[in-house]
Amino acid sequence: MKESPFALERELGMQYYATGTPGIGGTLRTVPEDFLVDEIPPAGKGETSGPYLICRLTKTNWELQHAVKEIARRLNISHRRIGWAGTKDKNARTTQLISLYKVTPDEIAAVSLKDIILEPIGQSNEQLSLGDLEGNRFDICIRDADPEDLAGRVATVTETASQALPNYFGLQRFGVIRPLTHRIGELILHGDYEDAVMTYVGLAFPHESEEVRRVRTAFMDTRDTAVALRELPVHMSFERSMLSYLHTHPGDYAGALQQLPPKLLSMFVSAFQSYLFNCALSHRLSEGHTLTDPVPGDRLIFTNGRTDAVTAANIPAVSLHLARGRCNIALFMPGKDEMDAITGNDAIRDILAEMQITADDFRKASTFVRTKFDGAWRPISLKTSIDASVQETNVHLKFTLPPGHYATTVCREYMKADPIRMV
């Protein structure tokens with residue numbers, strides 16, 4: 001176990017590495033083709049009839065929400081008619097399925113977008129929803145790694161990954177250039193829509209361009225929507241949508257937030273849930289507990305979704321189940337369920353109390369965002385078999401992860417580098 005020295009990771013609750021070996025350094029995503037993601041769809045998707053056209057979407061260097069919005073614009077339909085199972089990385093080449101309501105293959109054939117390929121594969125009676133996938137396959141290259149004992153360090157992490165790594169929500173869950181999605185989620189939970197809008201539009205970060213930082217800072221100071229609309233780059237469509245609404249509806253910050261696509265709006269609150277999970281996992285590790293050794297009060301999640309509690313009496317049986325891969329130690333990401341009824345989450349309960357956030361705040365956010373925030377159990381560890389190879393100072397990794405697990409969480413274990421080198 002080793003503590004991260006990077007302020008951004010600590011701020012996002014990602015405080016520890018599983019291995020104590022020095023990192024290999026290097027750079028991820030020197031080009032998008034260094035980070036290949038191939039979604040594994042559920043069996044039979046696209047093999048029936050129905051009003052939803054299922055397409056294979058391959059995109060390079062596109063953020064998914066922006067890609068979907070642009071596809072919808074070219075088809076002259078609402079972006080709400082497009083569904084997907086997983087949100088993929090931007091600086092990467094990714095392949096996944098999307099569903100489009102009442103769109104024909106001929107209409108798809110007429111869509112031409114740089115670095116986007118759309119291939120109809122069938123029809124479905126149901127829209128794709130988040131989580132409708134078996135997992136993701138990754139093919140990743142880390143370039144310019146530290147050559148000293150490179151093969152040995154890679155082998156150490158590869159072996160540990162086959163046992164257990166901290167199952168942190170990765171950097172892209174929060175944003176690395178602008179790590180604020182969880183902050184906005186917290187503000188929505190507090191009902192502070194004004195600060196949520198001002199943070200999203202007006203808070204500048206060091207790794208943005210100088211011009212964008214200037215426009216954001218000026219808007220934060222003046223709140224002049226007309227000037228901000230005139231000066232913000234055209235591609236910043238989400239900020240512009242909120243500013244345009246505020247320009248015609250001064251002071252209606254709730255309405256401005258709701259100009260965002262519903263799935264993006266819901267991601268703010270779920271990012272806050274993710275932040276809570278990361279913090280609680282790091283708290284567990286800081287207390288000297290491991291990822292795989294149960295202690296009384298822990299909760300278990302089994303492969304069928306069933307949960308159970310760990311007691312002093314059942315630890316031997318639980319340890320056997322864990323060793324055989326039948327279950328994992330889990331933490332509960334809170335939602336509108338009362339936390340008092342959930343055991344094994346003292347750290348999360350304490351964080352919520354300090355932030356003065358209650359189950360009722362999640363219920364109100366559910367109404368505002370029109371998304372259920374029921375809360376969910378998440379395993380504290382991930383393990384995967386990695387095909388790792390070293391070619392001079394480049395490291396190639398091939399592995400598969402279940403839905404909701406992050407490849408950057410695996411890569412950070414090898415690199416132990418400044419997070420900005422992973423984007």
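Visitor: In what order do the strands of the open sheet come?
Guide: The order of its 4 strands is S12-S11-S13-S14, and the pairing is antiparallel. Strands are DSSP runs of E with at least two residues, helices are runs of H or I with at least four, and both are numbered from the N terminus. Two strands pair if DSSP finds at least two bridges between them. This is a predicted model, in which local features need pLDDT of at least 70, side-chain atom pairs count only at pLDDT 80 or more, and totals for chains, interfaces and linings use all residues. Residues are numbered from 1 along each chain as its sequence is written, and side-chain values use heavy atoms, leaving out hydrogens and water.

Visitor: Which are the edge strands?
Guide: S12 (307-309) and S14 (376-379), each pairing on one side only.

Visitor: And how many bridges join S11 to S12?
Guide: There are 3, between S12 and the antiparallel S11 (residues 299-302). In one of them, Ile301 has Thr307 of S12 as its partner.

Visitor: Which strands does H12 lie across?
Guide: H12 (residues 315-323) lies across S11 and S13, at about 100° to S13. That angle is taken between N-to-C directions, from 0 to 180 degrees, with axes fitted to C-alpha atoms, for helices over the stretch in contact (heavy atoms within 4.5 Å).

Visitor: New topic: is H15 mostly covered or open?
Guide: Mostly covered: 9 of the 9 residues in H15 (407-415) are buried, meaning under 20% relative accessible area with a 1.4 Å probe, protein chains only. Among them are Arg412 and Glu413.

Visitor: What comes just after H15?
Guide: Lys416, with a positive phi of about 45°.

Note on methods. Buried < 20%, exposed > 50% of the residue type's maximum accessible area, 1.4 Å probe, protein only.
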